[in-house]
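Hello,

Here is the structure for you to look at. Please open it first, then read my notes below.

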Amino acid sequence: MSTMVNFPKYSHCTLLFVQQADKLLLGMKKRGFGVNLWNGFGGKVDLNETVRQAAIRETQEECGITPIDPKFLGLLKFNMNLDQKTIIVHVFKSTEYTGNITESEEMLPKWFDIDKINYDVMWPDDRIWYPDMLKTNVFFFGEYDFQEHSVITSSNHKIVKEEELLALQKQLSKIPLD
Ligand SMILES: Nc1[nH]c(=O)nc2c1ncn2[C@H]1C[C@H](O)[C@@H](COP(=O)(O)OP(=O)(O)OP(=O)(O)O)O1
C-alpha cells in the first residue's frame, strides 16, 4: 500500500539534461545534497524567477553552458521522510546549447553514452524515470517516498499527456513555469 504523504515544507527545484544523439551530458555533484551522484544540472528556483529561468540559470552556473529552448518533460515529487519535506523537481531537456562545457565548484560535467549510464552511482529513482526522459515527446510524473536519501519505500511513475503535466505543475507548484 502506498504511504505517499505531503509534508508542510516544499522545495521547488529544477533538473536539466542535454541530450545529443546517443549521448547525455551529466554532472557529478561535488558538494551538498546528492554529493558524488551523477545527475542533470539544477537547483532551487529563486524568488522572482520562473521555473524555466531557474533551469537555465542553474545549468549556466553549474557547467557553463546556456541550454537552448529547454523542453519541460516531467515532474518528480520526492517525499523525504528523514527531512520531513517534499521536493518538487521540474525536469527539462535541451538538444542544443551555447558556450563551453566547464567544471564548476558544484559539478563535474561529462558526456555519457546513453546505453552505458551507470544507475548505481545515481539517485535510486533515476533508473525508473530516465528511460522515459531519454525518449522524445514523452511526458511523465513520478512520486517517490524516501526513507533515507538512498532508500525508496514506495514509488509511482506514470506517463502523462503534456496537458496533464502542465496541469499538475500548476497544482503542485505555485511558481509559474514561464
Ligand atoms: N531523488 C532525486 N533524484 C534526482 O534525480 N535528482 C534529485 C533528487 N533529489 C534532488 N534532486 C536534484 C534536483 C535538484 O537539481 C537538486 C536539488 O538539490 P539542491 O537543492 O541542493 O540544489 P543545489 O545544491 O544546486 O542548491 P542551490 O544551488 O542552492 O539551489 O537535486
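Start with Asp69. Asp69 is exposed, at 65% relative accessible area. Exposed means over 50% relative accessible area, buried means under 20%, and partly exposed is in between, with a 1.4 Å probe and protein chains only. Asp69 sits in the loop between strand 4 (66–68) and strand 5 (71–80). Helices (H or I, at least four residues) and strands (E, at least two) are DSSP runs, numbered from the N terminus.

Two points on where this comes from. The model is predicted, so local features need pLDDT of at least 70 and side-chain atom pairs count only at pLDDT 80 or more, while totals for chains, interfaces and linings use all residues. Residues are numbered from 1 along each chain as its sequence is written, and side-chain values use heavy atoms, with hydrogens and water left out.

Asp69 is not a glycine, yet its phi is positive, about 45 degrees. Most residues other than glycine have a negative phi. Asn48 is not a glycine either, and has a positive phi of about 65 degrees. Where is Asn48? Its place is the loop between strand 3 (38–39) and helix 1. Is Asn48 buried or exposed? Asn48 counts as exposed, because its relative accessibility is 81%.

Now the ligand. It has 19 residues around it, and the closest are Thr14, Lys44, Glu106, Asp125 and Asp126. To be near, a residue needs a heavy atom within 4 Å of the molecule.

- Glu106: a polar side-chain atom is 2.7 Å from a ligand oxygen atom.
- Asp125: a polar side-chain atom is 2.8 Å from a ligand nitrogen atom.
- Asp126: a side-chain N or O atom is 2.6 Å from a ligand oxygen atom.

How much of the ligand does the protein cover? On its own, the ligand has 640 Å² of accessible area, and the protein covers 85% of that. These areas come from the Shrake-Rupley method with a 1.4 Å probe.

The ligand takes up the space of the largest pocket. A pocket is an open set of points on a 1 Å grid over the protein atoms alone, with protein on both sides within 12 Å along at least five of seven lines. A molecule sits in a pocket if more than half of its atoms lie within 2 Å of the grid points.

Which elements give two or more residues to the shell around the ligand? They are strand 1 (9–20), helix 1 (51–63) and helix 2 (126–133). Strand 1 gives the largest share, 3 residues. By type, the shell has 8 nonpolar, 4 polar and 7 charged residues. Here Ala, Val, Leu, Ile, Met, Phe, Trp, Tyr, Cys and Pro count as nonpolar, Asp, Glu, Lys and Arg as charged, and the others, Gly among them, as polar.

Next, the helices. Arg57 lies in helix 1. Arg57 counts as buried, because its relative accessibility is 17%. Its side chain makes a polar contact with the side chain of Glu49, at 2.7 Å. A polar contact is a pair of N or O atoms within 3.5 Å; within protein, one must be able to donate a hydrogen and the other to accept it, and residues adjacent in sequence count only if both atoms are side-chain atoms. Leu168 is in helix 3 (residues 162–172). Leu168 is buried, with a relative accessible area of 17%.

Best wishes

Key
On a 1 Å grid over the protein atoms alone, a cavity is a set of points where a 1.4 Å probe fits but cannot get out, and a pocket is an open set with protein on both sides within 12 Å along at least five of seven lines; lining residues have an atom within 4 Å of a point.
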